[in-house]
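Here are a few exercises to work through with the model open on your screen. Try each task before you read the solution.

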Amino acid sequence: MEPRPRSFYVLAAFFGLFLLFLYGPTITIAILSFQGPTGGLTFPMNGVSLHWFYDLFQEQAVGDIWGSFRRSFALGFMVMVTTVVVSVMGGLAFRHRFVGSTLLFYVIITALVIPSILVSLGVGLLFSQSGLEVHWATSGFGAQLTWTLPFGLLIMFAVFNRFDGSFEEAARDLGATPWQVLRHVVIPIIGPSLIGVALFGFTLSYDEFARTLLTAGSYNTLPLEIFGMTTNVTSPVLYALGTLTTLFSFLMIAAFLLLAWISTRRKARKGSDAGKGMV
C-alpha cells in the first residue's frame, strides 16, 4: 500500500483543529451543564448531576425562558412558511427573463451583504417613524425575511436551473391545467429541495440575533433572552439552557432530514411503479 503524503497528515490535523474550534465551545457548555448543585461556571467541575436541568424548569428570578422559546418557535415557523412560498414563486418567475429581472436579482442578493445590525436598525426605525408597533411578529418577522429569502431563492434558482421542462410539457399534452401541473408534477419533483429551504428558513430564524435585536420590541426571542441572561445569571442553569436549545436545533434538523429522505423514497417508488406500468 502506497504511504500517504505528508500533506495528508497536515490537512488532517488542520481539519481536526477546525472541528475542535467549531464544536469545542458547544461541547464545553454541554459538559459544564452537568455540574453538581454547588458547581460554578468554570472547570474543574464540582460534582456531576442533572440539578441545573431540573432548576431550568423551575420559576426563574431573571428572564422569560419558555415565553421566549415559544416566540422564537412561532417566528421560525412563520418565516419558514413564508420563505418556502415566496422562494417557489420567485424560482418559477425567474425561469423566464422579464424586464428588470437582473436588477431584481442583485437587489435580492444585496440583502446578504448588508450588515445585519444595520438591517435591524433600519427596519426598527422604519416601523417606529411610521407609527407602527415594533414587535417580533411584525418588524422582527420582516427583518428576518431579509436574511432567509435570499438563501431560499438561491436554492430555488439552482433547482429550477436543472429542472427538466419535458415533464411539464407531457402533463400539458395530457390536458393538465397550469395548477395541476404545479401541484402534481413540479411540487413533487422539487419536494426534497423545498424541505431544504424550509430547514434553512426555520433554523436561520430560530438562531438569529442581530436582525432581531432592534426589531423584537418589548418581548425577546430566545437568542435575545439568552444574551440578556448572560449579564444576570451566574449559575450553570445558563449552560443547561444552551445544551437544551442546541439539542432542540439538532432534533429539528434530524426531523427535516427525515422528511427529505421520506420524500425522496416516495418519489423513487412512484418512478419505479410508473416504469413497471409502462412495461
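Contact here means heavy atoms within 4.5 Å. This is a predicted model, where local features need pLDDT of at least 70, side-chain atom pairs count only at pLDDT 80 or more, and totals for chains, interfaces and linings use all residues. Residues are numbered from 1 along each chain as its sequence is written, and side-chain values use heavy atoms, with hydrogens and water left out.

**Exercise 1. Arg 95 and its surroundings**

Task: find which residues Arg 95 is in contact with, leaving aside neighbours within four places in sequence.

Solution: 
- Start with the location: Arg 95 sits in the loop between α3 (65-93) and α4 (101-113). Helices (H or I, at least four residues) and strands (E, at least two) are DSSP runs, numbered from the N terminus.
- Now list the partners, which are Phe 160, Phe 163, Gly 165 and Glu 168.
- Take Phe 160: 65 residues separate this residue from Arg 95 along the chain, yet their C-alpha atoms are 7.0 Å apart.
- Finish with accessibility. Buried means under 20% relative accessible area, exposed over 50%, and partly exposed in between (1.4 Å probe, protein chains only). Arg 95 has 29%, so it counts as partly exposed.

**Exercise 2. Thr 148**

Task: decide whether Thr 148 is buried or exposed, and find the side chain with which its own side chain makes a polar contact.

Solution: 
- Go to helix α6 (residues 139-161), where Thr 148 is found.
- Check the accessibility: Thr 148 counts as buried because its relative accessibility is 1%.
- Look for the polar contact, that is, a pair of N or O atoms within 3.5 Å; within protein, one must be able to donate a hydrogen and the other to accept it, and residues adjacent in sequence count only if both atoms are side-chain atoms. The partner is the side chain of Thr 83, at 2.9 Å.

**Exercise 3. Zooming out**

Task: how many helices and strands does the chain have, and how does its radius of gyration compare with that of a compact globule?

Solution: 
- Count the elements: 11 helices and 0 strands.
- Compare the radius of gyration (taken over C-alpha atoms; the globule rule is 2.2 Å times the number of residues to the power 0.38). The chain has 24 Å, while a compact globule of 279 residues would be near 19 Å.
- Check the spans: the C-alpha trace covers about 75 × 70 × 40 Å along its principal axes.
- Look at burial: 35% of the 279 residues count as buried.
- End with contacts at a separation of 6 or more: residues 24 or more positions apart account for 73% of them.
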